[in-house]
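The following report describes a structure from its overall make-up down to individual side chains.

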Amino acid sequence: MDSNKLRNSGYQLSDRVQFGGVFEPEKCKQIAKQVMELYDSNKDGYIEQNEIAMMLSDAYRAMNKGFNPTSQDVSNCQAILDRKSTGRVHSEDVEQLIQKYFSGQPPAQPVKRVPEKLSRIAQERLEVARRIFKVVDKDGSGFLTEEEVPELLKETYKHMGMNDYQPTKEDVTIWIQMTDSDGDGKVTLEDYEQLVLDSLRKQGISLE
């Protein structure tokens with residue numbers, strides 16, 4: 001991938017981008033389309049992991065920063081882009097992310113609901129998640145803020161036998177982006193439940 005393509009596309013990247021209403025929704029669609037044209041090298045309608053790596057590298061080069069993304073960087077980026085947790089990044093995922101950060105109108109999010117009938121393992125995982133959420137949500141607001149998320153992550157890892165896990169600020173930011181369904185910076189119990197179920201699906205575990 002030519003690292004100058006992003007620079008020559010007509011859209012400038014900067015460390016000082018002023019978020020909130022930069023582009024109209026229609027312009028966001030145009031940008032998403034151009035991103036897909038640049039990075040969907042096999043033209044299958046999806047951005048694969050190797051294409052995400054090229055996209056990350058080019059984005060940093062456009063900001064005059066050298067960057068060689070690791071497999072973890074690529075996985076983190078894919079998790080942020082893959083808003084429907086399908087395991088593949090589609091043009092709609094790219095458009096939603098661009099609209100979230102560069103448009104004054106937040107994208108509509110698909111409504112996800114916890115199935116009425118769940119398998120035993122899914123029920124058990126949700127029960128644990130709900131207990132952890134309740135412990136962390138000390139003020140009973142029904143949602144977690146950026147300040148509360150680190151404790152939730154530590155409690156989650158403790159349940160998995162990792163008592164010394166200390167989440168970084170980047171860990172918290174990425175987790176919120178993965179979990180916060182409406183982009184308001186708050187993680188509700190429903191958001192957390194959906195993350196648990198999506199994780200089970202990705203592991204190939206049946207939910208029903």
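## A tyrosine pair

Tyr-165 counts as buried because its relative accessibility is 17%, where buried means under 20% relative accessible area, exposed over 50% and partly exposed in between, with a 1.4 Å probe and protein chains only. Tyr-157, at 25% relative accessibility, counts as partly exposed. A search of the whole structure finds three aromatic pairs, a pair being rings of Phe, Tyr and Trp (its six-membered ring) with centres within 6.5 Å, counted as stacked when the planes are under 30 degrees apart, edge-to-face when over 60 and tilted for the rest. The rings of Tyr-157 and Tyr-165 have centres 3.8 Å apart and planes at 20 degrees, so this pair is stacked.

## Basis and confidence

This is a predicted model, in which local features need pLDDT of at least 70 and side-chain atom pairs count only at pLDDT 80 or more, whereas totals for chains, interfaces and linings use all residues. Residues are numbered from 1 along each chain as its sequence is written, and side-chain values use heavy atoms, with hydrogens and water left out.

The average pLDDT (the predictor's confidence in each residue, from 0 to 100) of the protein chain is 76, and 75% of the residues score at least 70. Over residues 9-21 the pLDDT stays under 50, and for this segment the model has 22 contacts beyond four places in sequence, a contact meaning heavy atoms within 4.5 Å.

## Overall fold

The protein chain contains nine helices and four strands, which are DSSP runs numbered from the N terminus (helices H or I, at least four residues; strands E, at least two). Of its 208 residues, 35% count as buried.

## Helix H9 and its surroundings

Helix H9 (residues 189-202) has 14 residues and reaches 20 Å from its first C-alpha to its last, close to the 20 Å expected at 1.5 Å a residue, the expected span being 1.5 Å times one less than the number of residues. Its buried residues include Tyr-192, Leu-195 and Val-196, and among the elements that cover the buried residues of H9 are H6, helix H7 (149-159) and helix H8 (169-179). Tyr-192 also forms one aromatic cluster with Phe-133 and Trp-175.

## Ser-119

Ser-119 is found in the loop between helix H5 (91-102) and helix H6 (120-136), and it is buried, with a relative accessible area of 14%. Leaving aside neighbours within four places in sequence, Ser-119 is in contact with Ser-206, Leu-207 and Glu-208.
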